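The entries follow the order of the look-ups.

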Amino acid sequence: MSAEFDLLGPWISLCAGILLTLLISVIRTESKRPAQISALITVVGTAVLSLGKQPSEAALVFAGSFEISSLTLLVLGGLCALAAMFILGTGHYLSRERIHISDYYHLLLILVLGASVMVASRNLILTFIALEVMSLPAYTLAGFRRNDSRSNEAALKYFILGGAMGAVFLLGSSFVFGATGTLTYSGVFSASKSGGVMLELGHLLLLVSFLFKVAAAPLHFWKPDVYEGAPTPVTGIMATIITAASFLTLVRLIHMIDYGAAEMGNYLAWLKSALRFVTVASLIVGSTVMITQRSLKRLFAYSSITHTGYLMLGVLGSFDSGASASSVLIYLCGYCVMSTGAFVLLALSKSPADTGTELIDLTGLMKRSPYLTGLWTIFLFSMAGMPFTVGFFAKYFVFMASMNGGETVVVVIAALCTVVGAYAYLRAIALMTMREAAPTSGEWELTPGSQLVAVGAAVFVLFLGIIPNAMLQYLKGIPLIH
Amino acid sequence: MTMLEPWMMLVVSLVIFGVGLFGLLVRKNLLVMLMCVELMLNGVNLSFVAFSKIHNSLDGHLAVLFVMTVAAAESAVGLGLVIALFRTLKTVDSDQIQILRD
Amino acid sequence: MIDYPFLAFVAFSTIAILGSLMVIFKKNPVASAFALVAVFFAFAGLYALMSAHLVAALQILVYTGAIMVLFVFVIMLLNQDRPVEDFKSSSGTFKVISGVAVSFLVFLFVKVAFLARGIVPAGDWTVEKMEEQGGNVKSIANALFSDHILQFELTSFLLLGAIVATIAIAKRKGSSGRTAP
Amino acid sequence: MEISDSLSFLLTLPLFAMVLSLVVPRAVQRGYAIFASLLFLALTVYESSGILFATSAATAARFAVEHQLQWLPQIGAKLSLRLDSVSAWFVVMNALTAVIAFSSKGVWYRKSPKLFTALGFFLLFGLNTAFLSQDLIVFYLGYESVFIPMIFMVGIWGENQKASAVFRFFLMSFLGSILMLVSVFFLLSRQVKDGGAVSSHLGSLIPVAGGLPELHAKLAFFGFFLAFAIKVPLVPFHSWLKDVYVLAPFPATIWMSAILSKLGVYGMIRFVMPLFPQTMGTYQGVLMAIAACSVVYAALLAYRSNQPKALLAYSSISHLGFVMLGVFTMKNQGALSAIFLSVGHTMVSALLFFLLSKIDERSEGLDLGVPRGLSQQFPVLFTALFVVMLASVSLPGTLNFAGEFLVLLNSWPVSTLSTVVAGFGAVLGAAYMLKFYQQMGFGASSTDPGKQGAHAEDLSGFELVLVFLLIMAVVVFGFQTSIFLKGN
Amino acid sequence: MIITLLVFLPLLGFALNAFYHFNSAARKREPSVWVAGLIASSAMVAAFVCALIAWARLKGSAGVGPVLEESLFSWMNLGALHVEFGYRFDRLSAAFTLVITGVGALIHFYSIGYMENRGSARYFCYLNLFCFMMLNLVLGSSLPQVFLGWEGVGLASYLLIGFWSKEMANIAAAQKAFLMNRIGDLGLLFAMFIAFKFAGTLDLARLAGFEFRPDVATVFGLLIFLACTGKSAQIPLFTWLPDAMAGPTPVSALIHAATMVTSGIYLLARLNPVISQSTTVLLVISAVGAATALMAAITACFQSDIKKVLAYSTISQLGFMFAACGVGAAEAGVFHVVTHAFFKALLFLGAGSVIHALSGTQDVFKMGGLRKRLPFTFWTFTAGWAAILGLFPFSGFFSKDMILHEALVAAHGNPWVFGVLAFSALLTAFYMTRLYVLVFFGESRLSEEAGSHVHESPLVMILPLVILAVASLAGGWFGVPVHLETAHGEGASSVSPAVIMALSLLIAGVGAFLGYRKYSGTIQVEATKDPFRVDEFYGAVVGRGVKSLASFFGRYLEDGFFQKILQVSGAAVDLGGNLFKTVQTGSAQGYLLMMVLALLGLMFGLVFGVNGYGN
């Protein structure tokens, strides 16, 4: 038990950090700096703690409802690292938008806690609570530009739809519980051998609620609106931390039932085709709508719908075998880094909040700031999957996984969507490099913190695009499902 | 013995869930919509207890406890968001929040 | 012999369903809120019928006592205690599609739920066993603080988050940040 | 075969030059670019001299170098570079094109010269990666990375209204290349299914491709074919080409026509032919017809164009049709002739655009209308242009003639009709090239000599030496064909 | 190495003159015609000397087909293909080589005078380049090498026709010549492919001894003939030659009369053994030759430009030669090549002298009475006139007579061919006399200005005229220079040569008489016309055809269909994007309904699709 508690250390440190941050901000109410620093120390410390641990075997604690394994520690560490990047990289945005308050950091930390527990959870109720621990701060953060009706609107839309889908998740849990009499994943796994429509329905409802969270078409409608309305750093957090955690949970939920069970054969075959539909729909909807967008945030929203599609490719590929979908992990890793970079850059835009940052604000950026243009270009190319960026290898693995799973047609569709999507990214790049600045194009400011983060992310993107060996080695060794 | 069987509870719970969902779909008042979310959660709670009864299990009861907590937290946050919206837009009508689109 | 439990079930469920319909069809949010209170009470009765006494009690305490008060408070705060025509403002087609879709959904749920009749119990926590262990409350408490301690702990952070969130979001305008910059 | 790691210099040196170009001061940027690319050319020639100057195929094979470096063991991709009698030509042409491109119209160095030079060296790197790699994934990386500098060169330094041309170029190329990647994935997954160790090395994929069912092989072939057909381009897939050639700055146009198009040729020879011999055989008639149609169609459009750059753009398509005709014979001799003609095309089209850029410098800009009657004013420049034009219409005695002759000679037995059709393209080729030359060279002078300022003098100095040497090469190798054919 | 030296001497002249040209251009000085001309001429004279030495060696060596062979290097070796770059000097080549170097040298000298003040080193460059290429053509040992010369002379011809490049009309004429030649060249190119496919070799000697399948031989022969029609201005590719007169007159004399245009005859003679394998080919050749002879002769009667008359006359004479080849008497054709080279060069140079004297006037109706004022020109022109008419003892008499005779008696002889040729000869006599009379006799019709400057040409021009006049007179006595296989005795009829000779003289006399009768009195100015309008026809059909095909492709495919495809696919993607966007109404409840519907769909699929529940 002590060994397990040792492994629980990172989570405990995160919780302690949350409380500490709360305390500090209560004591030193006149300044918001201490909260920021405390939050930064918390996430960095947690990241270091958790990435330093490499348990060789997964341990289940709390009556089998919590999993401590290399994956969950990696997720905690990774999410903390992303949070650190956002804390460091977007402070100026918060100041500019007058939302730089300590509450922001508490909520962010609680969000990370919820997200990391959600992935580690092996119990449906725990998953639900963790989901809410993650979502409630997210709803709130989305509405953090309180004086802006767009931000309020985004938060409320997110809240209503998220609440409804939370209920759907619960209903699914209830059906699963009804069918199997247990709420732990392992219990469901062993009970799923006998099959049954109630279990299938419950499982489906669980998946639907998480497909909503990761915004897979046709459950993606909330995403563009919420992305657009939310403060940019929050959008970034949604795009990275929430998407990553939700997607990993989705994968674990998909593999919650026994794939070897003969009774489930029909269902699994059907589920696979349903997921195939979702994959193709996400790819097509995301990439085609992306090119019609003028707002950068909406563009990234549709882009992330497309990325969900690519992630689903990895899921599809490993569907039959139930094998560890390392391609998903690799893709998520690359995707999070490049999205973080892109959103940190996006937060540098000084466009008035009521219009949001539009593509046109990028016009002629190269003249004004070659440096910024270079960074943008790296992230956008990575999203398009160009060689020598991490985006390429990310795509490589999901495509390859899907191909190995026999999904040739889906891969071809995905390839075509990549071309369509590349157009959207290239258009942004073209605006920056190939046009003269228009009088209406917005201002961009560079701050030291954001520079550090953006350059770091860019280096990461390029480094992993050229020498991804270590990352691949590491991530391939991490099983997604036990 | 009684004619009452747990599956009847299930039917009631699912109907309540459906009514909540329907209300969420058609009502425009954000406060009522929040109530509808509560209705949905309550419906699910009932089904948890019913299944718990069927399975002779405690997990359902525990789940309901947690759901109640979550529901309380959720409605607090939801109401906070509605208040924030009301401050900027002076309305709690969901039709008024359609600025973000396309 | 009168089947009291069944009668009670019929009564409670009727109240619950009618109440929930009133929640969505009443024009005045306050009326909706009170209808909701009725639904919650009916639910408490249904829980009690299934020997879930703790849940029944908490239902009244938490939902009726806490959540509904909050709702009514906010309704009053926002001056929403007057009839609104919002139900009518929704387009007819939309309502019809919603109604049909939800009906089908419920139909399918219920269809599946009928399967519950054939379920073999997986656990051994019968009412009798609970009584042996010291009653419903004690049994649940034992489970809550042993196997489900993590969920319990996590809810504390949930509540903490909710508090912080609500304060942050519902604070008065102009007071963003503890110190106005 | 010899294992050597000196090959990796061919990849690292351009990268080094790229980094260095960001440090070199603006004022000497152009000199630096030319000097560095010349140096690189010398190195490349030295590195491949054993192959280039071998007198027989056997000797050349002995000088072939393969260099393997474990790069991505997780996906079975190796940095296996191979310099043999196929790739050596392309690598040398690549280095040569860089020299010509950097020496062409110097306007680019007025605006962000560092970036331009850096992009140029990156292009060199990407192309060398593609030309040297035996591994399909690495090949793809090189192949695809070439777009990046190209987009920026056209986009930043190009003429007005270039954005849509860039999009077209990028999207069509990307469409092709990603379908090729899907085909590669298909082969790789097949390999996994067959239980072999995953390796994207050409050698280990050939048996996999050979074992495919017919339909699958056809589809996989199509992915490859489309990529290369767009890149070359062959005619139904060429619609990106004209605008981007016209709007691109001259160095970029030189790169595109001289060497980027060769990526398609190279890919077809190196990868498609060994991977899908049966499928290619099935469609040989169609392929030959496509190549022949490219020749005639592009020639007709070139004949119709009044804009010199557009005319040269179409002429490039037309000549590459001949090259592809040679490739599609699917015979060793045909492919060899195609490589031969490719080399000719690289030199000649690079020279044509180079000289056109010099004319552009000396007139008021080609976009303002075609200048006239310049041959009197710039006799050396126009003589050079005339000689290059003759090579372009493959007059006997030039490299291009020998190449074209051998291509047609080899394609005649395979598809007489296609060869005849392509032959008529050669007649049209003469027609439009004469028109091209006559437009600018003859007639009464249209430009006011007083207006031309500093650029009024004729070709001289380094440019003259470069052009002269290249023309000599075109003529000398037109007779000394053994350097290419090596007694095959 | 004598042959190689002989070939490369003109190239040396070319290189020296090129250097001289650029050197002067760099120093902004006009190059001296004398320096450039002497460089070029001495190269040619040296080449002529070499040719004579080689000729002597050839005479001296024994054997049936004495040949001097020199191989330089191997040009193209690929698979079964082995192309050696080397030279073969046999009787046939020798005849052509001597004409090229001899007449060429004279014309180089002549050019020094003619091009004074207007020429430059560039001109002599081109002229030397032409000679180099022409020598490659006739001396090359393999077909690709012949092709090198073949296209090379086309290039030189292009450069020289368009020499005065400020006139766009000259450029147009040059382009026309080049392109029509290129069409013909395709024939040679394809013929090479066929030869390689079936005979496996492109070596001329090996090819000549190869026995083709009959149908292949026919196709091969026709393709070769196509090439020849281009280069030698026969139907259907003859229209470029009259336009080629835009070049300087010495060029017309050398290239478009004496040498280049006869390369078709060379090729037919060279490949005679193969050509003879197919009677179809021979028939086509003789028919086309005779038709061309007649058609050009008729057209020549309607020309007023002195050079155009000579040009059509050249076409007509080339038709005679082709007819000779066609009936199977190639050596008669080659004989006529040689004599024609002398007298036609003479005529052209004479015409050049006249034009030079009149400062550029070329219209025969604006001449007249020049007999007195240009005596040397007149007398030498008279020699040429007599030779082309075929008057005894001028060289034309022998060669033309031989052709007429062979047309009747040779293996593939044909009275029709004979008839047409005879009538053409009549017309030849008519239009040449017309020209002769209009230029040199009668009243002077010169304009005031032109008349005041008339002067006899300088010595450097006169001397070549005199030498050529002597050659035209004596050339026929040397007899047939080559011996090619000609099957006699199986001809359509056997006629005594004496009869033909008499007939031929009679025809010439009648034609000359008619011409003299018509044009000796008062002169009616005749407008130039082209009775056959072939040129217009080509312009309308081929030129317009290609242009409209190009613009059709351009408009409907390039700017139409292909752009449409891109636009449509772009629009489709855009449409899809906008379509998927329509559900993005901004209404949260709308989104919820969509999601409920999606969920409902999934559940229907699950409950009814998978489990068949409810069945």
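I looked up the chain contacts and found that, of the 8 pairs of chains in contact, chains B and C share the most contacts; two residues are in contact if their C-beta atoms, placed from the backbone, lie within 7 Å. This is a predicted model, in which local features need pLDDT of at least 70 and side-chain atom pairs count only at pLDDT 80 or more, while totals for chains, interfaces and linings use all residues. Residues are numbered from 1 along each chain as its sequence is written, and chains are lettered from A and ligands numbered from 1 in the order in which they are written.

I then checked chain D: no contact joins it to chain B, the closest C-alpha atoms being 24 Å apart. Chain C and chain D have no contact either, with 38 Å between their closest C-alpha atoms.

Next I examined chain E, where helix α2 (residues 33–60) and helix α3 (residues 91–114) pack at about 160° with axes 8 Å apart; axes are lines fitted to C-alpha atoms, for helices over the stretch in contact, and angles run from 0 to 180 degrees between N-to-C directions. Therefore α2(E) is roughly antiparallel to α3(E) (an angle over 145 degrees).

Notes. Helices (H or I, at least four residues) and strands (E, at least two) are DSSP runs, numbered from the N terminus. Angles under 35 degrees count as roughly parallel, over 145 as roughly antiparallel, 65 to 115 as roughly perpendicular and the rest as oblique.
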